[in-house]
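Colleague: Could you take a close look at how the strands pair in this model, and describe the pairing for me in one connected account?

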Amino acid sequence: MTNEELLQIIEQAVRDKVTELDLSGNSLTTLPPEIGQLTNLRSLYLYRNQLSSLPPEIGQLTNLQSLYLSFNELSSLPPEIGQLTNLRSLHLFAKDLTTLPLEIFQLTNLQSLHLSFNELSSLPSEIGQLTKLQSLDLRSNQLSSLPPEIIQQLTNLQFLHLQNNKLSSLPPEIGQLTNLQSLHLSFNELSNLPPEIGQLTNLQSLHLRNNQLSSLPSEIGQFTNLQDFDLHSNQLNSLPSEIGQFTNLQFLDLCNNQLSSLPSEIGQLSNLKKLDLRRNPLPIPPEILGSKSLYQDSGDVNEILDFYFRVQDPAETEPFYEAKFLIIGEGGAGKTSLAKKIADETYKLQPDEESTEGIEVIRWDFTLPNGKDFRVNIWDFGGQEIYHQTHQFFLSKRSLYALVADTRKENTDFYWWLKVVELLSDKSPVIIIKNEKQDRRCEVDGGQLRGEFSNLEKILATNLDTNRGLAQIKDAIQLYISNLDHVGTPLPKLWVRVRAALENDSRNYISFEEYCTLCRVNNLTDRKDMLRLSSYLHDLGVCLHFQDDSTLKHYVILKPKWGTTAVYKVLDSQTVKQKLGCFTKENLKDIWQDGEYAEMHDELLQLMMRFKLCYEIPGHCNTYIAPQLLSIEKADYTWDDCNNLILRYTYTFMPKGILTRFIVETHPWIEEQKLVWKNGVVLNKDQTCAEIIENYNQREIKIRVAGNRKKELMAVITHELEKIHNSYERLQYQTLVPCNCKKCEGSQTLYSYPLNELREFLDDGAYLIQCRKSRQMVNVRRLIDDVMFQSDRPDGELNPQVAQLQNELERKRDESLTHRLRDSNQEEKPIINSQSAMEFEKEIFISYAWGGESEQFVNQLDETLQAKGIKIIRDKRDLGYKGLIKAFMERIGRGKCAIAVISDKYLKSPNCMFELVQIAKNGKFYDRIFPIVLADAQIYKPVARLKYIKHWEDEIKELDEGMREVGAANLQGFREEIDQYTEIRNAIAELTNLLKDMNTLTPDIHSKSDFEELLNAIAQRLDE
């Protein structure tokens, strides 16, 4: 902004007697003296500029109540600032202040002072003069102590934020801040808390994560108003019994501590909604504690505490001594020999020992020092490359790994195998075993490998022919496997009884309902317990139960080797290899001719398809492709280089199988079902083509897209690749965006920017970046927008403009996966026909604005559907007295079917739009919503749609202005409202654009047909 433009704005503001002026983000270096003429101002926003000083005339703004100066270059303030005696709120953060300007301390009416993200190492005593302070924000400074004399004076404080400093202790005087409601001390160096902290009886929120606390004082029992207590990542080894007095506590985060037990009083916290106990040495299975990703929710509070207190009774529990030992390595390294030698030291090696085809499972028992019997399930993995992609489904946590290397061949890629274990097994411990055949020795750089892989425990050598070193190997295995976290954990005796019953069952597989019946016969009646147990046994390698798969969850495979061998028989078939991965159901009859597979051909094929090992060729019934067996030769086609969107992924380590999995996921769109090879594929959708090629040696995937819907197709491709990436633990990769400067455009060697770096630039307010080839400055936003849609949603939900295309792919893919058995004497039917196991949600919700034509139409719809025996769930009838409105709206957002009656009033209603946004946020928007658009909803003309955006911008502005006139301490709940309005504003353009493209039929057509088409569409959705 030029000085002339600034003066014009000030002159206009003076004439209009404005009370609020926003000059933020305009690169201002100075303010003119005329700023002092704005004597009616109450709020002045100057953040994100380049101001190094303020003019003396700033002191003339005597009505000013809020001043925002953050993100400037200010090192001092003019003395005249002290004349702003009505100032209530001052923001001065992120400016590297090492000392505070003394003028601040003249502002004795200040209620809110924000000084975060500076370099303050101490607080001056003068800050104690600000006795009216209610909120003090000192986050992210360098404070090492809190002066007691200051704390004693600030007795009106309600919010004190000191996280990310260097505090090693708190003064006892902290207890005098009796009005404090929120105290945040995370990311400091606190090793203890003073007993006086218990005097803060009005505390509602106390955050202490990432400190060094090993215990808590008993005085914390006085925190009877506490609702949120965060102790994540400390060193707590016990909790005081007084914790049971936190009668209002709702959120308790104890993740990543050293707790091995819980006080019984914790069961008294009747209002507790979230309890995070992950990463503690507690006798609770991880499945109950919650997702292993700490960014996702922890488990159900009642289930966690119920399980914990149930296993405290020794009479009802039994220690569990069993684990999975996985042997991996190249083909012919000696894995099978090692497995057999461990189980039986007298086993004689065979000169022509056959290599394992797929996976072999062997049982080995030994006795622990405490006299307990320990069972090891040894999984011997075939080393041939064809198996590498499929092994990932069986590499599990709660396991010990051995990487076997043949010292004669020296062909073991230690880095690759160790990285695979790290990515797929949650960093389970690993032993390297050098198989020194004919006593040929070799050195392995253990120091370098341990520097990269912290889970590498030991490197041992053996000659299996003479048993040299075998005893040491068995000792090491016994040591490390008996120290796995789950070993010795007391499990309910009912679990152990069911596990024994499963082992004694001679069948290869049973249905999930049969599994549940077996559980009930053994007195395990809780369905959630049944699922927890099957997940636990799945990790141990006892059985296979893929709970997350909509088809395979209906079966429990009792003999894992049975299922895996069947899969590998297909991949090893010479017929399938000769046909470059193509096979038919007739081929499978020959491959699976053994009696043990006779009744399960369709289910085993489903298993392969769910493992992303094959897909059915669209339009070629009962013909399938296993892409890892495709030709390595690139398909023959021509490509138009003009106006391509280009994106690259580069990997620090690239696991095998990313592209073949991608081919399976996107197979419905393969060009003519011909342009596909082992390392690449060409997709075609809506006159738009995409080329995706993997260069494994360079650890790279390159994408080129050309055609009418480039950005939409690119978004679907990246979405599918990200899903594959997220299936690995800690996969390191970069997304590279090509430069669009004049020199790079059209170049074959254009410069690329890491996407995360571009986003960091935007987050820091930097909108230009330099091309390293042309040295030109390039617009960061344009770089990103050129290749992908941007979403304002923090949860990563797909942009609605892309959702329809993504949903179409998913529908096509699901049609292929819903494999069907065709019999000449029977109607076509799904092969998995266990309706009792299918738990489809049949609820139909309706979202509408109360009153007027909208409600009349909904009443008619409701009556018509009720006459047909169909009930819709609507708020007026089903919410109930004192029902929670927001929870009901969120339930609508999660529903499988939601009828939305769109009216002008609907598009301007916070509650209605909240429901619509929730439906979009929960995914599959196009599939789940059934809209009916009333005549007054102006969504079909662009200018009319803009008015709705303007409506929500005005709503945000009005609420924001109102909030600024109220003290920060009194705004509980209002900030959530403005966040909600902002979310609606950000989404309404995309949502209305998607709605206008749907043929929703007019209300009259729906009424005259008795809503027949609507009901048919809903019925189809419910039957999916």
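Modeller: Strand β23 and strand β25 (residues 623–625) run antiparallel and are joined by three bridges, where a strand is a DSSP run of E over at least two residues, numbered from the N terminus, and two strands pair if DSSP finds at least two bridges between them. This is a predicted model in which local features need pLDDT of at least 70 and side-chain atom pairs count only at pLDDT 80 or more, while totals for chains, interfaces and linings use all residues. Residues are numbered from 1 along each chain as its sequence is written, and side-chain values use heavy atoms, with hydrogens and water left out.

Elsewhere, strand β17 (residues 399–406) pairs in the parallel sense with β14 (residues 322–328) over five bridges, with Lys324 standing opposite Ser399. Strand β17 also runs parallel to β18 (residues 430–435), to which six bridges join it, and here Val404 stands opposite Ile433. Eight of the eight residues of β17 are buried, meaning under 20% relative accessible area with a 1.4 Å probe and protein chains only. In a regular strand the side chains alternate between the two faces of the sheet. In β17, Ser399, Tyr401, Leu403 and Ala405 point one way, whereas Leu400, Ala402, Val404 and Asp406 point the other way, and all are buried.

Conventions: Helices (H or I, at least four residues) and strands (E, at least two) are DSSP runs, numbered from the N terminus. Buried means under 20% relative accessible area, exposed over 50%, partly exposed in between (1.4 Å probe, protein chains only).
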